[in-house]
Amino acid sequence: MPVRVLFVCLGNICRSPTAEGIFRSRVESAQLEDSIYIDSAGTGDWHIGKAPDPRATKHGLEAGYDISQLRARLVRPDDFGEFDYILAMDRQNLSDLEEMRPADFTGRLLLLLDLDVSAAAEDVPDPYSLDASGFKRAISLIEGGCDALLLDIQHHLLKEKSANQ
Ligand code: 4NP
């Protein structure tokens, strides 16, 4: 069974698709595509079915990540039954998710940057109403978070493997 990872922001057109693209690239480099399933979603419904914001796509491509094929969707209550890691981009996203969290959720619900001990922030600030530097900063923060997340999951996979031997 793959480890299942869901990135969540507000609109699912800037930060969480960027996180999905960055993390997919990290997972491919580590040749763990068969062991880790990745998705993203938003807590707000304004952009359902839409491609990422053109600025997120442009800055992502410039940094080496193609997110153009992703489409926005809303977080669903069922996601709590399907994902092992639900990673919020900011504290508002986290508090919205905590309100939806069923009592029997056994996965991990946390801020992406909580995993990155060297992160310079707690939140990935929403770049939607910011300029290019907001998008670049989001990419840089998310890269750090995704590196830390991959290490965390690799540790988990190693423990699982040794428990099964
Ligand atoms: P995201 O950015 O949460 O990183 O996708 C936003 C995109 C759209 C809106 C807010 C944030 N909006 O209000 O439409």
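Me: Is the crossing of α1 and α5 left-handed or right-handed?
Reply: The model is predicted, so local features need pLDDT of at least 70 and side-chain atom pairs count only at pLDDT 80 or more, whereas totals for chains, interfaces and linings use all residues. Residues are numbered from 1 along each chain as its sequence is written, and side-chain values use heavy atoms, with hydrogens and water left out. A crossing is left-handed if the near helix is turned anticlockwise from the far one by less than a right angle, and right-handed if clockwise. By this convention the crossing of α1 and α5 is right-handed.

Me: At roughly what angle do the axes of helix α1 and α5 cross?
Reply: Helices (H or I, at least four residues) and strands (E, at least two) are DSSP runs, numbered from the N terminus. Axes are lines fitted to C-alpha atoms, for helices over the stretch in contact, and angles run from 0 to 180 degrees between N-to-C directions. The axes of α1, residues 15-29, and α5 come within 9 Å, and they cross at roughly 50°.

Me: Which word describes how α1 and α5 lie to each other?
Reply: Angles under 35 degrees count as roughly parallel, over 145 as roughly antiparallel, 65 to 115 as roughly perpendicular, and the rest as oblique. The crossing angle here is roughly 50°. Therefore α1 and α5 are oblique.

Me: How do the residues of the contact of α1 with α5 divide into nonpolar, polar and charged?
Reply: Contact means heavy atoms within 4.5 Å. In α1, residues including I22, F23 and V27 take part, and their partners in α5 include C146, L149 and I153. Ala, Val, Leu, Ile, Met, Phe, Trp, Tyr, Cys and Pro count as nonpolar, Asp, Glu, Lys and Arg as charged, and the others, Gly among them, as polar. The residues of the contact divide into ten nonpolar, one polar and four charged.

Me: Is L149 buried or exposed?
Reply: L149 lies in helix α5. Leaving aside its neighbours within four places in sequence, L149 is in contact with V5, F7, F23, Y85, L87 and L115. Buried means under 20% relative accessible area, exposed over 50%, and partly exposed in between (1.4 Å probe, protein chains only). With a relative accessible area of 0%, L149 is buried.

Me: What distance separates the C-alpha atoms of V124 and A138?
Reply: V124 lies in the loop between β4 (108-111) and α5, and it is buried, with a relative accessible area of 0%. Not counting residues up to four places away in sequence, V124 touches R15, M89, D90, L113, A138, L141 and I142. V124 and A138 are 14 residues apart in sequence, while their C-alpha atoms are separated by 5.8 Å.

Me: How many disulfides does the count come to?
Reply: A disulfide is a covalent bond between the sulfur atoms of two cysteines, and the rule used here requires a pair of cysteine sulfur atoms within 2.5 Å. The closest cysteine sulfur to that of C14 is in C9, 7.0 Å away and so too far for a bond. For C146 the closest cysteine sulfur is also in C9, 13 Å away and so too far for a bond. By this rule the number of disulfides is zero.

Me: What is the phi of N12, which is not a glycine?
Reply: N12 is found in the loop between β1 (3-9) and α1. N12 is buried, with a relative accessible area of 3%. Although N12 is not a glycine, its phi is positive, at about 60°.

Me: Is Q31 buried or exposed?
Reply: Q31 lies in the loop between α1 and β2 (36-42). Q31 is not a glycine, yet it has a positive phi of about 55°. With a relative accessible area of 67%, Q31 is exposed.

Me: How far apart in space are D96 and G44, C-alpha to C-alpha?
Reply: D96 is found in helix α4, residues 91-100. At 26% relative accessibility, D96 counts as partly exposed. D96 and G44 are 52 residues apart in sequence, and their separation in space, C-alpha to C-alpha, is 10.0 Å.
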